[in-house]
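Hi,

Here is the model I said I would pass on. Have a look at it first, and then read my notes below.

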Amino acid sequence: YIYAPAAGIVTELDIRVGQNVSTSNTIGVLVSDDKIAEITLNEIDAAEVKVGQKVILTFDAIEDLSITGEVAEVDTLGTVTSGVVSYDIKISFDVQDERIKSGMSISANIIVDSKSDVLLIPIGAVTTQGTTSYVQIMVDGVPQRQEVETGLSNDTMIEIVSGLVEGDEIITQTINTTTTTNTNNSSDQGPGGFGGGMMRF
């Protein structure tokens, strides 16, 4: 069976039943009004991508345009270039916009997993040692270590499954100050050695 990634008209069909084919063969030509984006992912990212996942697409040439799409196809065989394996991903558009032209550059955010009503904190506030993760929380003005269980994360935020509740004050950053001594042996010390920013969730 041959499945087309979009509805259209087959204008050329270059194979016949019984022929041997490979990934380099062109099967045919499909004329379609539907637009499809093609991106390339490394093997680590491609392992998390599956057909049917939703995608948010933005365009370098059209600043105010952001549309949704869906993963339509994931290559089963990768391409090796200089020892690096990559996979082509095809994304179908949920809506068609006449401003989108063939060959335009896009940014694709593929949603591989999602949760609702979760507690999020900045990922930089979590410290991991071995299999244990913890944050610093403020208790009566004193920082204390609190073990937490983490879940999903992105580049900036991480889910807290247990260990914190909404409203806890956590330390997101600490700044260490140094003491300097001038030539007449009098010391000039800045603020105390502990300082930082707190964020309430």
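**What I found**

The chain has about 14,300 Å² of accessible surface, and carbon and sulfur atoms account for 48% of that. Bear in mind that this is a predicted model, so every value here is computed from it.

On the overall make-up: the chain has 201 residues, of which 20% are buried. If you take the contacts between residues at least 6 apart in sequence, 56% of them join residues at least 24 apart.

**A buried leucine**

Which residues does Leu57 contact, once neighbours within four places in sequence are left aside? The list is Leu65, Ser66, Ile67, Ile91, Phe93, Ile106, Ser107 and Ala108.

**A nonpolar patch on the surface**

For the outside, take a look at Ile2, Val10, Leu13, Ile27 and Leu30. Together they form a nonpolar surface patch with about 430 Å² of accessible area. Val10, one of the patch residues, sits in strand β1 (residues 9-13). Val10 has 55% relative accessibility and therefore counts as exposed, the threshold being over 50%.

**Salt bridges**

Side chains of opposite charge can pair when their charged atoms come close. I searched the whole structure for such pairs, and six salt bridges turned up. Here are some of them.

Lys90 and Glu73 meet through their side chains in a salt bridge, at 3.9 Å from N to O. Because Lys90 is in strand β7 (residues 84-93) and Glu73 in strand β5 (residues 66-74), the pair ties together parts that are 17 residues apart in sequence. Glu73 counts as partly exposed, with 30% relative accessibility.

Arg99 makes a salt bridge with Asp97, where the closest N and O atoms are 3.1 Å apart.

Glu159 is buried, its relative accessible area being 7%. Salt bridges with shared partners also join Glu38, Glu73 and Lys90 into one network.

**Around Glu159**

One more stop at Glu159 in strand β13. The side chains of Glu159 and Lys115 are also joined by a polar contact of 3.4 Å. Which residues does Glu159 touch, not counting those up to four places away in sequence? Lys115 is one of them, along with Val118, Leu119, Leu120, Glu149, Thr150, Gly151 and Leu152.

Cheers

How values were computed. Residues numbered from 1 in each chain as written. Predicted model: local features only at pLDDT ≥ 70, side-chain atom pairs only at ≥ 80, totals over all residues. Heavy atoms only, no water. Contact = heavy atoms within 4.5 Å. Buried < 20%, exposed > 50% of the residue type's maximum accessible area, 1.4 Å probe, protein only. Areas by Shrake-Rupley, 256 points an atom, 1.4 Å probe, with all protein chains shown as cover. Patch = residues over 30% accessible without salt bridge, like charges linked within 9 Å, V, L, I, M, F, W, Y side chains within 5 Å. Salt bridge = Lys/Arg side-chain N within 4 Å of Asp/Glu carboxyl O. Helix = DSSP H or I, 4+ residues; strand = E, 2+ residues; numbered from the N terminus. Polar contact = N/O pair within 3.5 Å; in protein donor to acceptor, adjacent residues only side chain to side chain.
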